[in-house]
Structure formats: C-alpha cells, structure tokens
Amino acid sequence: MLPYGRQSISEDDVEAVSRVLRGDWLTTGPAVSSFEKRLSEWAGGAECVSVTSGTAALHVAYAACGVGPGDEVVTSPITFVATASGAMLHGARVVFADVDEDTALLDPDAAKAAVTTRTKVITAIDYAGQPADYDALRDVAEAGSALLLDDAAHSIGSTYQGEPIGSVADVTTFSFFPTKNLTTAEGGAVATTDPVIAKRARRFRNIGLVREREDLRHPDEGGWHQEVHALGLNYRLPDVLCALGEAQLRRLADFKARRARLVARYRELLADVDGVRLLRVRPDVDPVWHLFPVRIGDGRRRTVYDRMRAAGVGVQVNFIPVYRHPVFEDLGYRRGMCPNAEAFYAEELSLPLFPDLTDSDQDRVVDALVTALR
Ligand SMILES: *Cc1c(COP(=O)(O)O)cnc(C)c1O
C-alpha cells in the first residue's frame, strides 16, 4: 500500500543517531539544546522547547498559557483531537468555531463570535501546511485579551507574509511524527517569543522542577536542592531523537521544495478532472505542504476512498470534526454545529504526499483516482 505520508531517512540521519548512541548522553544532554537552537532558526528566532510529541507540545503550551478550569479555548474542529484535548486536560472548555470552507482554516469571524470574557486562548491550525489568517486572528485575540496559539503540526518551515511559522502567534506547537514535514520518530516542540511562556513550558516539560537559584523558595537547602512550584510531567525529548531532528532540519529546505513540486504536479494533473475540487491557496503564504487534500463531490468520497484503498493507494481523511468523537458527544457537543467543517469533512480525501514519492507513484495515484471516479 502506498502510504499517504511517510518519513525520509538518509544515511546522514542514521549516522547522527548512531553518534549519540555511542556517546555519554542519551537524554538531557547537548543534542537537546543543539536541536532547539537549530529549530529556533526555522522558527524566526522564537525560543524552542522540544517535547515528546505534538500532543505533548499542545498540553505544555496550554499549561504555559495558564489555561485552567473556568477558561475557554476557541479552536477549529478540522484538526487532530489533541488540539482540543490538550486544553481540556487542564480543565478548560473548548468552543469550536467554524472554518473557511475553501481552505479549512479557522474563520476569524467565526472565532470572533465564539470569544467570551472567559476565552484564554484562540488556537488556529495551519491545515495541510498552509498558515491561517493571522492578521485577522491577531485582531480577534487582542480584542478578546486572549493569547493566539498556532498548532503548526503541519507547517514547520512555512511562512506567513514572509514571517516563519513559530514566531507569528504567541505560542506555536510542532509535531515530528513520521508523516509530518520532518521527523524524530515521536517528538514535538513549543516555540514562543515570550520568555515567561518559554520558562513555564520548560518547567512543565521537566516535572515542574525549578533549579534556578534566584527562583527557589528555599535557596539555602544545599547544592542538591530543587523544588516544584507547579506540577508538570516528563515530556523530555531524548538526545537520540534530537540528533535525528537536527539532521532532518538540514534537509527541510529540500523536503519543502520536493513537496511543493509534487503539489504543483498534482494541481496540473487534476486541473481538468471532473468531480475533484482543490484547496484554495492564500496569496500571502509560502507553505511546506504536509497534506494534499482534494474534495470529492456528489456524495462519492466514501466510494472513492474504498476503491483507491483497494487499488493499493493509502488515501486518508483529515479530519473528522473533533466534536464528533464520542467523548465530545457525551459532553453535549452536537454534529452540525460547524456547517462549513461538516461540508469539508464530507468531501475531503488526502492523496499521498511525501518527499520520496516519485513522479510515477504520483501518476499511479492520479490514475487510481480517475478510475475510482468512473
Ligand atoms: C499530528 C498532529 C498533532 C499531534 O502530533 P503527535 O506528534 O502525533 O502527537 C496535533 N495537531 C495536528 C493538527 C496534527 O496533525
């Protein structure tokens, strides 16, 4: 089965990991800070805190924003469940605002209508790699005294109006799962230009431990002393995986170019295929394309999905509106609450896209799609 996404691992990547395995530091060592520094260069200079997954990054980011019981987080339902669950695990309530139907990105007007005095964070998702409408979202966040979070699981390496993703929102989260734009197997990061948020993120990632002498409540306990002021978890990304991440970052520009080339080619090959609609691309962004979503009309998405899978093409659906998960149903969220998201979900199909996809693989995908549509 041709997968919808997969990692690209080179001999240099293998070598970088082996070097760490032969060394002294498997975790909490120099490869962590080195990776975070390189990542920061891709994130417009924002401070980066590596963690064990994109899910952990969201959990850490919401903690660092001070999200807790009584707070609300406004977000889009066209995302992975962790965008919402990361806030709910801190006791917050999630309010879903609808998307723009042609981009599947959070609609700033819908977000504005969802903001209340309890809104602590507005979380946008850079769906498929395309940055959301941050100018408009920034205005909505400021008017509501809320922080702006970018779930950039799809978009490391993308730019918004020339600005690298990572420094556009107040806080940004990345994922390094194998299907994403670069991988550490499992992994993620939190990026922020706010030193207070960065410090809280570092502590939450490390069990809540405080070691800086000037911050200790009991500084004269002894050289071994460390304190917990607020609870955290162990979300540390080990050196072994940070080394892979740093090696992968050296290839990100090539990944970006190859993904762009494949997307341009898909757009050409599919331009005249009846029954297939493509995503609208915003004029002010330069995405690293993580997904290639198409829309299959006339209620035929399920048939096309089944036929393409049967033909060995591992198409995927991204995403089921988050509030349709039973855990949300049980909390009283109802289907249909975001009509544009529902309409998008009903038709969406993600075609295979990853750097090592060959042109002939791609021709096979397009043939399978055209055949499935007959
Ligand atoms: C993949 C993904 C995540 C979670 O990342 P993991 O590394 O798999 O935990 C969060 N948000 C979105 C939009 C994603 O696609």
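Helices (H or I, at least four residues) and strands (E, at least two) are DSSP runs, numbered from the N terminus. In the structure above, helix H3, which covers residues 54–64, supplies three residues to the shell around the ligand, the largest share of that shell. This is a predicted model, in which local features need pLDDT of at least 70 and side-chain atom pairs count only at pLDDT 80 or more, while totals for chains, interfaces and linings use all residues. Residues are numbered from 1 along each chain as its sequence is written, and side-chain values use heavy atoms, with hydrogens and water left out.

**The ligand and its surroundings**

- The ligand is surrounded by 14 residues, and the closest are Gly54, Thr55, His154, Ser175 and Lys180; a residue is near a molecule or strand if one of its heavy atoms lies within 4 Å of it.
- Sorted by class, the shell around the ligand consists of four nonpolar, eight polar and two charged residues, where Ala, Val, Leu, Ile, Met, Phe, Trp, Tyr, Cys and Pro count as nonpolar, Asp, Glu, Lys and Arg as charged, and the others, Gly among them, as polar.
- Polar contacts are pairs of N or O atoms within 3.5 Å, and within protein one atom must be able to donate a hydrogen and the other to accept it, while residues adjacent in sequence count only if both atoms are side-chain atoms.
- An N or O atom in the side chain of serine 175 lies 2.7 Å from an oxygen atom of the ligand, and a backbone N or O atom of glycine 54 is 2.8 Å from a ligand oxygen atom.
- For lysine 180, a polar side-chain atom is found 3.1 Å from an oxygen atom of the ligand.
- Taken alone, the ligand exposes 380 Å², of which the protein buries 90%; accessible areas come from the Shrake-Rupley method with a 1.4 Å probe, and for residues only the protein chains shown count as cover.

**Cysteines**

- The structure holds zero disulfides, a disulfide being a pair of cysteine sulfur atoms within 2.5 Å.
- Cysteine 48 is in no disulfide, and the nearest cysteine sulfur, which belongs to cysteine 242, is 11 Å away.
- Cysteine 48 counts as buried because its relative accessibility is 2%; buried means under 20% relative accessible area, exposed over 50%, and partly exposed in between (1.4 Å probe, protein chains only).
- Cysteine 338 also counts as buried, with a relative accessibility of 2%.

- Not counting residues up to four places away in sequence, alanine 57 touches Val51, Thr173, Phe174, Ala189 and Val190, where contact means heavy atoms within 4.5 Å.
- Between alanine 57 and threonine 83 there are 26 residues of sequence separation and 9.7 Å in space, C-alpha to C-alpha.
- Threonine 192 has its place in strand S9, residues 188–192, and is buried, with a relative accessible area of 2%.
- The side chain of threonine 192 reaches the backbone nitrogen of aspartate 194 at 3.0 Å.
- When residues up to four places away in sequence are not counted, threonine 192 touches Ala46, Glu47, Asp170, Val171, Ile197 and Ala198.

**Loops and backbone geometry**

- Glycine 66 sits in the loop between H3 and strand S2 (72–75), where this residue is partly exposed at a relative accessible area of 34%.
- Leaving out residues up to four places away in sequence, glycine 66 touches Asp71, Lys120 and Arg200.
- Alanine 185, in the loop between strand S8 (171–175) and S9, has a phi near 75°, a positive value in a residue other than glycine, and counts as partly exposed at 35% relative accessibility.
- Isoleucine 207, in the loop between helix H7 (195–205) and strand S10 (209–210), has a positive phi near 70° although the residue is other than glycine, and counts as partly exposed at 32% relative accessibility.
- Glycine 232, in the loop between strand S11 (227–228) and helix H8 (239–249), touches Phe204, Ile207 and Gly208, not counting residues up to four places away in sequence.
- Asparagine 318 and phenylalanine 319 are joined by a cis peptide bond with an omega of about 5°, and phenylalanine 319 lies in the loop between helix H10 (301–310) and helix H11 (326–329).
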